[in-house]
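Let's take a friendly walk through this model, one spot at a time. Keep the sequence and the 3D view side by side as you read.

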Amino acid sequence: MRAVVYRAFSGPLEIEQVPDPVPPAGGVVLKVMASGVCLSDWHGWQGNDPDIVLPHVPGHELAGTVEAVGEGVTRWHSGDRVTLPFVCGCGHCPQCDSGNQQVCDHQFQPGFTHWGSFAEYVAIHYADANLVRLPDDMDFPTAASLGCRFATSFRAIVDQGRVSEGEWVVVHGCGGVGLSAIMIANALGARVVAVDISNEKLEFARLIGAAALVSANTTADVADAVRDATDGGAHVSVDAIGNAGACFNSIDGLRKRGRHIQIGLMTGDAQTPRIPMHKVIANELEIRGSHGMQAYRYDEMLAMITAGSLSPERLIGQTIDLDESIAALTSMHDFDTTGVTIITGF
């Protein structure tokens, strides 16, 4: 099969002919019909994920059809149209038993722990516990766009943030994660403030539901601007980009008993960011991470999409083929595209 392969971190990515995968016990092989290009893939290529073993095939946001079924799989058959979370739980550890497969002790992550979906086919472990059947009317690019950014944002806003109607939600960073969070919070009846350095991304954020915009590029004090826009501070604030300044501003801009949700990956020196701990204590602020979403929670998200409350297809900025994915991946950290990029040609 054709696949994008890198053999050194930050090294060249090339299209190679590699052996077709075989289904593992309890798993399947999917024919990849669509795969998202995500900043997390860029982080992996840079060497920021300790689970990656070289050589490696990136890609963790995917949708496709079941091509082959491994021993022990009972729920899935050849031809089934499916997607899956980017964190797949084993189904047997204490975390999975408690319903928290997104922090499984033995998790499978395509594109990180194993080869991913920048390829014609991909092997998937723990299939019965993690594959999600697609609605008949959902196309593969839309389904692939859910796998990391949209689903992670859904859990961040709905489960971790507990956002309710009328609350102020501030989203720092209007990439794929941030735009997803804005759309989801707006669908829940929240009032959303979008923060970014790009005017183009801010205007797109307005189109999908942001009630107010803050330019981090021209605003002297982002947290002050947030407090002004939200009548005293956010009920929920999200760092959707993974930046020490955005993390600080997100916490600093909360009202009393507000909730900060960290979605964006923090790497390098940013792994231990400065935070206003005096406000965390005095104002009883809450700080939570959000890492993927369990397969069983897809039902509520898919129901909102089917009902028209959520329209993730609006977030797709461009579709490309596998050959174009190399340039798309290596330039991810330039943040010069609006919306989600999806590979649809393999």
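H60 sits in the loop that runs between helix 1 (39-45) and strand 4 (62-69); helices here are DSSP runs of H or I with at least four residues, strands are runs of E with at least two, and both are numbered from the N terminus. The model is a predicted one, where local features need pLDDT of at least 70 and side-chain atom pairs count only at pLDDT 80 or more, while totals for chains, interfaces and linings use all residues. Residues are numbered from 1 along each chain as its sequence is written, and side-chain values use heavy atoms, leaving out hydrogens and water.

Is H60 buried or exposed? With a relative accessible area of 0%, H60 is buried (buried means under 20%, exposed over 50%, partly exposed in between, with a 1.4 Å probe and protein chains only). Leaving aside residues up to four places away in sequence, H60 touches C38, S40, D41, F86, P110, F112, S117 and C148, a contact being heavy atoms within 4.5 Å. One of these, D41, is 19 residues from H60 in sequence, and their C-alpha atoms are 7.6 Å apart.

Now look for aromatic rings: the structure holds one aromatic pair. Y6 and F9 have ring centres 6.4 Å apart and planes at 55 degrees, so the pair is tilted (rings of Phe, Tyr and Trp, the last by its six-membered ring, pair with centres within 6.5 Å; planes under 30 degrees apart are stacked, over 60 edge-to-face, the rest tilted). Y6 is buried, at a relative accessible area of 0%, whereas F9 is partly exposed, at 33%.
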